[in-house]
Amino acid sequence: MNKIPEINITTNKNLDTKTIAELAEMNDKFMEIHFKDYRKDQNLTNYIINKYLAEKNNLSSKIRELENKLNILEEACKIISEIMGDKWEKINKINVFIGFCPIIPRFLDTKSFILPYELNVNIKIHFSVHEIIHFLYFQKWAKIYKKDSIETFESPHQNWILSEIIAPVIMRDGRIFDLIKTESNLYPEWKKIDDQYKYFDEFLSLYYKTSDFEDFLIEAKKKYYEIDNKINLTSLLTSRDSQHMG
Ligand SMILES: [Zn+2]
């Protein structure tokens with residue numbers, strides 16, 4: 001019996017507030033871009049706490065809406081495990097937080113992520129599957145590349161970039177596509193670079209050419225550095241002003 005993690009859908013006001021504050025600290029324009037009603041002289045923590053109060057009922061109904069589709073996320077866990085040829089092992093709980101942070105931050109250490117509450121439920125499922133892929137992906141990666149530290153799994157490291165290219169590759173696997181029925185792609189800014197350099201298809205075709213997932217990861221890593229040498233992919237994908245975390 002292949003055990004899957006328990007998926008817990010809830011809110012986490014403190015984590016959401018802390019993450020938004022950190023992003024605002026890193027980027028002067030963050031609040032202006034994402035929170036139109038925020039005034040510069042407002043206390044950010046109070047502003048978010050008030051949002052939680054004002055949207056209390058809405059948050060609850062958004063949680064219930066996603067809970068009603070929990071079977072899709074559970075099925076995705078089974079398929080991801082099948083694709084990667086790896087069990088969930090110590091990952092026995094995944095926390096999906098419905099909140100206000102707009103950029104879907106994920107936390108590998110606690111196997112959790114924050115989804116913006118206003119997203120349509122099918123889009124929430126789409127991004128949840130993307131994040132859930134990362135959790136098992138990095139477990140698998142760490143088994144193959146034992147010396148790679150956890151820091152390299154985060155932006156702007158090459159292991160992280162590769163993981164963000166591979167997540168949409170996996171999501172195009174017919175088993176996942178048939179389940180969630182939404183097409184997955186690169187980040188919009190990365191897609192523009194792909195229009196010019198066509199790197200995504202190289203990983204996509206590698207996915208179908210390789211014998212199993214481990215083989216794919218080994219070949220994909222080689223491919224990444226090969227492309228990086230040719231076109232400086234790492235700097236192309238990290239030079240843009242993009243705050244991707246998840
Ligand atoms: Zn991602």
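**Exercise 1. How many helices and strands does the secondary structure of the protein chain come to?**

Solution. The model is predicted: local features need pLDDT of at least 70, side-chain atom pairs count only at pLDDT 80 or more, and totals for chains, interfaces and linings use all residues. Residues are numbered from 1 along each chain as its sequence is written. Helices (H or I, at least four residues) and strands (E, at least two) are DSSP runs, numbered from the N terminus. On this basis the protein chain has 12 helices and four strands.

**Exercise 2. Determine whether the radius of gyration of the protein chain agrees with that of a compact globule.**

Solution. The radius of gyration is taken over C-alpha atoms, and the globule rule is 2.2 Å times the number of residues to the power 0.38. For 246 residues the rule gives a value near 18 Å; the protein chain has 18 Å, which agrees. Along the principal axes, its C-alpha atoms fill a box of roughly 55 × 45 × 35 Å.

**Exercise 3. Describe the order and pairing of the strands in the sheet.**

Solution. Two strands pair if DSSP finds at least two bridges between them. The four strands form an open sheet in the order β1-β2-β4-β3, with mixed pairing. The edge strands, β1 and β3 (106-107), each pair on one side only. Between β1 and β2 the pairing is parallel, over five bridges.

**Exercise 4. Why do the buried residues of α11 line one face of the helix?**

Solution. A residue is buried if 20 or more other C-beta atoms lie within 10 Å of its own, exposed if 12 or fewer, and partly exposed in between; C-beta atoms are placed from the backbone.

1. The expected span of a helix is 1.5 Å times one less than its number of residues. The 19 residues of α11 should thus span 27 Å, and its end C-alpha atoms are 26 Å apart, which agrees.
2. F213, F216, L217, A220 and Y224 are the buried residues of α11. Seen down the helix axis, they fall within an arc of 95°, so they line one face of α11. The arc is that of the directions from the helix axis to the C-beta atoms.
3. On the other side of α11, K222, E226, N229 and K230 are exposed.
4. Two residues are in contact if their C-beta atoms, placed from the backbone, lie within 7 Å. The buried residues of α11 pack against α5, α6, α7 and α10 (200-209).
5. Just after α11, N232 takes a positive phi of about 60°.

**Exercise 5. Identify the buried residues of α5 and what covers them.**

Solution. In α5 (residues 70-84), the residues L73, A76, C77, I80 and M84 are buried. They cover an arc of only 105° around the axis, which puts them on the same side of α5. Their cover includes β1 (6-10), α6 (121-144), α8 (174-180) and α11 (213-231).

**Exercise 6. Which residues have the most contacts inside the largest nonpolar core?**

Solution. A nonpolar core is a set of buried Ala, Val, Leu, Ile, Met, Phe, Trp, Tyr and Cys residues joined through C-beta atoms within 7 Å. The largest has 47 residues, and V129, I132 and I133 have the most contacts inside it. The largest share of this core, eight residues, comes from α7. Not counting residues up to four places away in sequence, V129 touches A76, M171, I176 and I180.

**Exercise 7. Is N14 buried or exposed?**

Solution. N14 lies in helix α1 (residues 13-26). It has 11 C-beta neighbours inside 10 Å, and therefore counts as exposed.
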